[in-house]
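Good morning, and thank you for making time for this presentation. I shall go through selected features of one model, and I ask that you keep the display in view as I speak.

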Amino acid sequence: MSDAGTARQLALSMRIRVIAYDGRVALRDVALDIARGEIVGVAGHVGAGKSTLALAAAGLLGRSLPASIDGTIAHPLGGRPPAAFVFANPSTQLTELGETVEEEVAVGPENQALPSSEIRARVDRALALADAARLAQRVPRELSGGELQRVALASALALDAPLLVLDEPTAQLDPEAAADFARALRSLRDSGVAILIVEQNLELLAALADRVLLLAGGAVLATGAPRDVLGRSPPLDPRLGTLRSVANTPTKEWRVGKEAGDALLRVDDLSAGYGARVVLEHLSLTIGAGEVVAWVGKNGAGKSTLARTIMGLVPARAGRIGVGHVDVTDLPVHERARVVGLVFQDPRRQLFSRTVLEEAIFGPRTLVVGHAEAQAREALDVVGLGGREREHPGDLAPPLQRRLAIASALASRPKFLMLDEPTAGQDAEGRSFIRAALELQRFRGAAAVITHDLNFAQDACDHNVTIDRGHVSNIGRNSRETDFFDRE
Amino acid sequence: MTCGLARWNPITPLAGAIAMVLVAFVGPQPWTPAAVLATALAIAFASRIGWKVSALTALVVVPTFVLLVLLDAAFPDAAAEHARWIPSRAGTVDALAISLRLGAAIAALGVIVVGVAPRRLTRALAARGLPSWAAYLVIASLEAVPDARRRADDVIDAQRCRGVAMGKGTGVRGRLRALPALAGPLIVGLVTESEERALALDARAFEPRAKRTALEPIADPASERRARRVIWLALAGVIAWRLWEFAHSLTIAT
């Protein structure tokens, strides 16, 4: 397949026969040209070869990442570097050469040996474009996931490269920030930058890309206009799902304050924070038995801190927390784990076993809850990892590792389960598995999902609780993501 | 609270510290290292980092002194007049001299370690020709311990959520049982993080041997350049004086 655009100045021209890691083929038979002022989207199921394509396009494969490449990758516009890259995990973007956000963003232009006045101009422009100017003097490792994602974007923009490659750049951004981000990309395109964006968020791709490439099993399945490729029903690849729009999204009854059983989680007048910084202030909320609730809100609003405080990782400065009939406020974390579960954004912090099954067994075995192995196998089936019990957790793709972490928490059978950004990087199939896990948890107690994925929240949750600056500001239905992107 | 050294070009305090260490070792004992130690601590307190530098110095000097005195008492010379386990005067003076030299070096360099931001120091050194790879190595080494601690905290949090008991009241058996759950992700994290860091540097146009510039170049005013010349001249003077004394003593001996 050859793409149009040769009449214009090309920023990328790649002809790939095979890209392999240790003999394992990850991508084959891909031809892709991207011209200046063009946005090309890449979609595909987990393991389809999207990140490999992105890394190859940026010229990073075969250098820091060992891979064998049979084919050519050319950047006719040159540049040092010829492409800027935004990683799926924003912490990967950090070089640690800078102490503050501003210094971290400056690392690229400093490496390009630019005069300090030009570095300053680039840094200020990149921070403004990424809506991160207010973070300039913050320490990067103290930022929330969404804030870090803006810094990652600014760091790439500061390189002023003719080609910008983004690997799931909005996974941790709240919908408004993602819409701002889309606007920033459009203005970059208008200024002549070529953009390659890998996304699981089909709505964002449809709103942003001039054309899309659909990958499946390491090869190109289809290419064309976003709505033609992503909006087909039935979808070209069922693992990816189909594009949603306001028109084709069924209206759903939101269950607010009805059908829920007795209160399962009670948070009364809770205050918490880090050092002098107060994050939660007199927050109260209740979740009924059988409820699955989405905690939504802007980046840095306090959603993850609320989960960590309920889990006991952040001490409550005031207020009480009750689960069922037990006041857990003063219980140590490992005892709280019998009734409360929390799955973090980064599953790599917890995986250590030699097999997937051992990893899932660890929780119930440590807590001496029920029949550990049976519970672990059941949880693995629910999240779609049944049949992969003997695999090494480190060999799983990051979205599958995330589902393994969910299975591991589910197997311990807590009454109240909290998942922090569980759908980041998941395709439609993965999201349906997570939804199944939440349905199972509904019968065992209740659950809360911290998410910026409002479509998932609408599908999987009974209602949204909006957290804003440490308070509950709204309970009920929120806008869907399509609402944000359709404003353009 | 900002350290008083922040207004200097980091090269100047570094030059001062190196000179002080050399003077402490080549000057007459034990008064020169004592004077250097006092000067370094005075600078540390003036820079509002006195307690940290004092604690760092004491942590090394006090055990060294005690150990040397104990060794002298435990293994006296065959010709010694004092009894075993009673420290000799000469041995104590020697232990004091060695400890003071060590203390002077620790205090002088401690002022740099505690008071000068490593990234600022490497930026100043890079402006004077330090290669990018060496600057990165310095920063990565200095950040290794806090980085590992942060990662360990994350891993501990994740495993506590899965029921692993940590902290007070956890017996030896419990700690041993928790070890694989803590060490596994930590070790894997260290490996993957180094790969990720290499990728991050590559993605940001980092070339190990290429020249880098700075967002905010560190000023090096003429007054500081003069001060450094004075420091090097003074050091050369002390070394010349001690060499002359040494040569003179050899002449007398012959």
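A crossing of two helices is called left-handed if the near helix is turned anticlockwise from the far one by less than a right angle, and right-handed if it is turned clockwise. Please note that this is a predicted model, in which local features need pLDDT of at least 70 and side-chain atom pairs count only at pLDDT 80 or more, while totals for chains, interfaces and linings use all residues. Residues are numbered from 1 along each chain as its sequence is written, and chains are lettered from A and ligands numbered from 1 in the order in which they are written.

I begin with a pair of helices in chain A. Helices (H or I, at least four residues) and strands (E, at least two) are DSSP runs, numbered from the N terminus. Two packed helices are described by the angle between their axes and the distance between the axes. Axes here are lines fitted to C-alpha atoms, for helices over the stretch in contact, with angles running from 0 to 180 degrees between N-to-C directions. The axes of α2(A) and α4(A), residues 145-157, come within 7 Å and cross at roughly 35°. Their crossing is right-handed. Residues count as in contact if their C-beta atoms, placed from the backbone, lie within 7 Å. On the α2(A) side, A:Val101, A:Glu104, A:Val105, A:Val107 and A:Gly108 meet A:Val151, A:Ala154 and A:Ser155 of α4(A).

Helix α2(A) also takes part in the contact between the chains. That contact takes 51 residues from chain A and 42 residues from chain B. On the side of chain A that touches chain B, α2(A) supplies the largest share, six residues.

Next, α5(A). Just after α5(A), A:Gly192 takes a positive phi of about 105°.

I turn to the strands, where pairing requires that DSSP find at least two bridges between two strands. An open sheet of three strands in chain A has the order β2-β1-β4, with antiparallel pairing. Its edge strands are β2(A) and β4(A), each pairing on one side only. The twist averages 5° from one strand to the next. Helix α1(A), residues 50-57, packs on this sheet and touches β1, β2 and β4 of chain A. Seven bridges join β1(A) to β4(A), and A:Ile19 has A:Ile69 as its bridge partner in β4(A).

Elsewhere in chain A, β10(A) and β11(A) run antiparallel, joined by eight bridges. They form a hairpin with two residues between them, and A:Gly275 in the turn has a positive phi of about 60°. Strand β10(A) also pairs with β13(A) in the antiparallel sense, over five bridges; there A:Asp268 stands opposite A:Arg320.

Finally, chain B. B:Ser88 is found in the loop between α3 and α4 of chain B. With 17 C-beta neighbours inside 10 Å, B:Ser88 counts as partly exposed.

Methods
Contact = placed C-beta atoms within 7 Å. Buried ≥ 20, exposed ≤ 12 C-beta atoms within 10 Å, placed from the backbone.
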